[in-house]
Structures are given as C-alpha cells and as structure tokens.
Amino acid sequence: MIKLQIFILIGITLIMSCSPKDNKQLNVSDMDTIFLTEPNSGFMFPLSGFTYKAIDIRYVANRYRFTKSIFYSKDGKKESKNSFELIAFSDDRAPALDKLITSLTAAKSWNYYINDQFLIWYSRVLVSVLLPDAIEKVEYIETDPNPVGSVYIYNTPTIEQKEDTVGAVHIYTRDIFRRTTHEKSTLYLLNDIVITKKIFDAINPIYIRSLRRVTGKTELLEYGNKNLEEVVVISTFEHKEIIAPDMILADDSGFSVLLVDGIELSPLMDLALNRYFFKEIQKISLEDDTSSPFKQKYPEKKIITMITLE
C-alpha cells in the first residue's frame, strides 16, 4: 500500500509578483556605488552598480526607487547616497531564506567575495539573494589570505569566528541583459546531472561551490550536441558543509529519493532549492507493495519526495 501525502505550497505574492527585470527601472550603471543599509542601525555597506544588478529584485524592499541618505564628509561637505534595504533581513517578510543559512553564527567556515569585493557582515545574505542566471563564475579556494569575516545575523550581535585559516568563495556576476546565448541552446549540469533552467534558477547560490560557463566551440563539441551555445557546469557544497558544525541534521538520504520536475537529484538537494519556486511537494511513503512503480524502481527506498516547480 502506498501512503500519499500532498503538500500544496501557496506562493508569496509579494515576492513572486515582480520580475528581476525591474532592476532596469532604476537605470543603474555598472560604476555607480549603491549602499546596502542595515535595518535599525543605519550602517551602510557599499556595492557597485554591477553587483547590485545581479541581486534578485524580489528581495529588495525599495525596488522602484532608491532611498536618498544624507551624510556629511570629513570636511563638512553635505553629500547624498543612493541606498536600499533587503527584505531578506527580516524572517517575517522573507521566510523562504533558510534560517540554517542566514542565522547561525558558527555556520560560516569560508569568506565570500563578489566581483573581488571582500564581503564582511553581509556575505551570506548577499550571496543568497543573487540571481543564479546573473552569476558568471564561482571558484572555491582552500586558503584565503584575509582573516574570516564576520557572520551577519539579523537582529542579533555580530560574532566573528577565530579560525587561523579559512577558504574563500569567489563569485563573479554578469549583466543578464547583455547575454548573447539563448536559453534553448544552453545545457545545465548540476553535479554531473542534466537539469532544467527552472531547477537552475531555483538553486540558492549559497550552496554553489563552483560554476563555470563553457562557450568555446571546441569544448562544446565534447558534450555531443552541435547546437549548444553554452554549458553551465555547477557543483554544490554538501549541506553539512553549509550549516553550523554543531547542528544535528537527520539524514535519511540512504532511504529516500528526490525528484524535482521528474529529475532525480541527491536527496538533500531539496535544502539547496529556494522554496519560493515550489509549486507542489508530494511525499510518498513506500511500504511492501511490489505493484508500485516507485517500489519496483527503488526497491530499497522508503520515501519518495516529488517537487514541482513554478
């Protein structure tokens, strides 16, 4: 007998109703300096316009116009800054950002850079709100010359880790409005598994260990499709590498199967997907029913999780 539980996820209209293309409304140039404002404190963190345009606009609180912040320079000159806030800082307004990613002090064992800018307090939150399609390349190195940066935690004191050496994740973004390849001629490989563009868009960038875009004609021929213009090759961190080392995570992956839009992925990959993109989740508990097609295909498994994306 098959026990079937179906969970329908109701999308959050505030987040899903706008498009990342709204970034163009603000007419941000690559060389502009835009300031990310910390809620309740006024602390401002500078970002380039090029980096700002890689942020998923659905996480920007003031997405249609910047806040003008007035300050005085050391010589007393009055100046203004364009600033914005992220709703991702508030668990109430952006609950889909996994608290295991954004709220654990001990969870960060490497530094983050975006376009070679060393991120300190806002690293995990900023990386989480990047558009995967706006990422050109991700590289991980074992040893970073900078000491470990502070972990930003909303509404709690900032805590700094004390490891002597840490690794680093370098993320380089691109302007998605200037891309030259077509979606239909792009192949996506996630941990050596062919996935769809929808699955790629749903990946939380905090999980990406490496990403490269193959566009050279000679290398593209190795993938056996002469019509390909680009191959996006992604590898991810394991979940235990992302969460705090003292966090106990129930791991039943040896007995479970994950199907996302019909594609089988590693069972814990559902934790690396942004739940704003989930339309439906079905969990099937398999008992000794040899007539079930899932039981026949996965005789040693106990749970089938099927996710349908928007």
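Predicted model: local features only at pLDDT ≥ 70, side-chain atom pairs only at ≥ 80, totals over all residues.

Colleague: Which residues that line the largest cavity are the closest to its centre?

Modeller: By class, its lining has nine nonpolar, three polar and two charged residues. Of these 14 lining residues, the closest to the centre are Asp56, Ser128, Leu130, Pro132 and Asn274.

Colleague: Thanks! Now the rings: is the pair of Tyr52 and Phe84 stacked or edge-to-face?

Modeller: There are eight aromatic pairs by the rule used. For Tyr52 and Phe84, the centres are 4.9 Å apart and the planes stand at 70°. Planes over 60 degrees apart count as edge-to-face, so this pair is edge-to-face.

Colleague: How many residues apart in sequence are the parts that this pair ties together?

Modeller: Tyr52 belongs to helix α2 (residues 49–52), while Phe84 belongs to strand β5 (residues 78–84). The pair therefore ties together parts that are 32 residues apart in sequence.

Colleague: And is Trp110 buried or exposed?

Modeller: Trp110 pairs with Phe237, their ring centres 4.3 Å apart and their planes at 15°, so that pair is stacked. Trp110 has a relative accessibility of 4%. Buried means under 20%, so Trp110 counts as buried.

Colleague: Last one: which ring does the charged end of Lys302 sit over?

Modeller: The charged end of Lys302 is 4.7 Å from the centre of that ring. The ring belongs to Phe255.

Notes
Residues numbered from 1 in each chain as written. Heavy atoms only, no water. 1 Å grid on protein atoms, 1.4 Å probe; cavity = no way out; pocket = protein on both sides within 12 Å on 5 of 7 lines; lining within 4 Å. Nonpolar A, V, L, I, M, F, W, Y, C, P; charged D, E, K, R; others polar. Phe/Tyr/Trp six-rings, centres within 6.5 Å; stacked < 30°, edge-to-face > 60°. Helix = DSSP H or I, 4+ residues; strand = E, 2+ residues; numbered from the N terminus. Buried < 20%, exposed > 50% of the residue type's maximum accessible area, 1.4 Å probe, protein only. Lys NZ or Arg CZ within 6 Å of the ring centre and 35° of its normal.
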